[in-house]
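Open the model in your viewer and keep the selection tool at hand. Each stop below says what to select and what is there.

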Amino acid sequence: MSGRASGSQRVVRWLWTAGSPAARLARVGLLPLAGLFRAAVAVRTAAYDRGFLPAHDLGLPTVAIGNLSVGGSGKTPLAAWFAHQYSIMGWKPGILLRGHGGDEQLVHERLVPEAVVEANPDRVAGARRAEARGAEVLVLDDAYQRLDVRRDLNVAVVAAETSHAVPWLLPAGPWREGWEALERADLVIVTRKRASPEVADEFADRIAQRVPGRQVAQCLLGIVRLDGMLSGARHEPELVRGRKVLASAGVADPEAFAAQVRAAGARVRLVTWDDHHAYDGDDVEWLADRAARADFVVVTEKDAVKLRHRWPAEVAEPLVAVLDVMWEAGEDAVHAAIAAAVER
């Protein structure tokens with residue numbers, strides 16, 4: 001079901017994935033715009049390749065993580081995972097992001113409290129600020145298309161859920177760049193949330209054939225625990241098994257979140273909001289009212305950072321789904337790439 005937000009995300013997913021005549025006709029009408037977008041991307045890429053536009057060195061070992069499609073690939077939990085790995089290795093990580101929506105900075109601060117997190121559209125200025133705060137290695141979230149920044153490791157994240165999406169660039173399809181852009185990657189990571197292992201395997205094989213010589217790893221982004229949004233109490237995912245759960249998600253792919261909650265055995269009713277939705281008082285009241293009709297409310301990390309200080313004390317606290325990266329293929333290659341980036 002939809003929440004109080006608009007249904008724009010559902011319309012977009014219908015446009016990019018549906019095989020109905022109406023969806024196909026709509027996509028055909030957008031193909032000229034997609035062609036213009038592709039041309040603009042090609043011109044921009046060539047300008048950087050030939051040195052007409054400068055690429056800046058950030059002064060520290062730099063890892064760029066981003067996706068080819070619009071939203072929902074899992075780049076943020078992966079960026080947090082990379083930063084945490086550097087912390088384990090003894091490096092002080094800095095996480096740079098453009099700060100869209102304001103929620104991703106707070107999510108990173110909660111996921112990697114030992115990291116320096118800087119939200120600034122100007123990655124050079126953000127890097128200087130992070131270094132001044134003690135950062136020794138930089139992880140750039142959503143930076144695959146940031147050709148103005150040099151990097152020691154370039155990581156492309158591709159969601160297995162997009163394997164059946166139409167192949168067109170924006171706005172006719174979900175792609176920011178074509179698959180030829182994967183040739184810039186040092187490492188490609190295929191993520192899955194609701195896709196089956198078989199779909200992820202087949203997608204990874206297709207990518208490996210398109211860009212031979214690139215390392216291709218695979219991981220599952222799954223719920224490892226449920227934290228009380230206010231109390232911080234930790235629960236195993238089995239807590240919701242067989243229970244009626246209201247899953248509330250203001251993310252790019254809310255159906256994937258619902259699938260993750262269902263994988264814990266819950267009976268899920270999904271409430272969707274636009275990505276980066278800013279909850280006002282009416283939204284919180286609306287959600288709290290419906291929470292009384294379920295055994296549990298489960299929200300994403302992104303939504304929790306905006307709801308935590310507004311949730312009414314008299315209503316049972318939501319549970320926050322905490323995701324983790326579970327490697328299914330190529331984990332050794334990922335760790336080798338992480339080490340090589342700082343060794344250079």
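Start in the loop between E4 and E5, where Asp142 is found. Strands (E, at least two residues) and helices (H or I, at least four) are DSSP runs, numbered from the N terminus. This is a predicted model: local features need pLDDT of at least 70, side-chain atom pairs count only at pLDDT 80 or more, and totals for chains, interfaces and linings use all residues. Residues are numbered from 1 along each chain as its sequence is written, and side-chain values use heavy atoms, with hydrogens and water left out.

Is Asp142 buried or exposed? Its relative accessible area is 9%, so Asp142 is buried. Buried means under 20% relative accessible area, exposed over 50%, and partly exposed in between (1.4 Å probe, protein chains only).

Now select Asp152, in the loop between strand E4 (137–141) and strand E5 (153–159). Asp152 is partly exposed, with a relative accessible area of 24%. Show its contacts, meaning heavy atoms within 4.5 Å. Leaving aside neighbours within four places in sequence, Asp152 touches Leu60, Pro61, Thr62, Asp186, Ala341 and Arg344. Asp152 and Asp295 are 143 residues apart in sequence and 47 Å apart in space, C-alpha to C-alpha.

**Helix H10**

Ala341 is one of the buried residues of H10, so select the whole of helix H10, residues 331–343. How far apart are its end C-alpha atoms? They are 19 Å apart, which agrees with the 18 Å that its 13 residues should span at 1.5 Å a residue. The expected span is 1.5 Å times one less than the number of residues.

Colour the buried residues of H10: Val334, Ala337, Ile338, Ala341 and Val342. Seen down the axis of H10, they fall within an arc of 130°, so they line one face of the helix. The arc is that of the directions from the helix axis to the C-beta atoms. On the other side of H10, find Asp332 and Glu343, which are exposed.

Which residues meet here? Trp81, Phe82, Gln85 and Tyr86 in H3 meet Val334, His335, Ile338, Ala341 and Val342 in H10. The residues of this contact divide into seven nonpolar, two polar and no charged. Ala, Val, Leu, Ile, Met, Phe, Trp, Tyr, Cys and Pro count as nonpolar, Asp, Glu, Lys and Arg as charged, and the others, Gly among them, as polar.

**H1 and H2**

Move to helix H1, residues 8–17, and pick out its buried residues: Gln9, Arg13, Leu15 and Trp16. Seen down the axis of H1, they fall within an arc of 160°, so they line one face of the helix. The buried residues of H1 pack against H2 and helix H7 (254–262).

Next, select Thr45 in helix H2, residues 21–49. Thr45 counts as buried, at 17% relative accessibility. Leaving aside neighbours within four places in sequence, Thr45 is in contact with Leu147 and Glu177.

Select Pro171, in the loop between E5 and strand E6 (187–192). The peptide bond from Leu170 to Pro171 is cis, with omega near 0°.

Finish at His276, in the loop between strand E10 (267–272) and helix H8 (281–291). His276 has a positive phi of about 65° although it is not a glycine. At 16% relative accessibility, His276 counts as buried.
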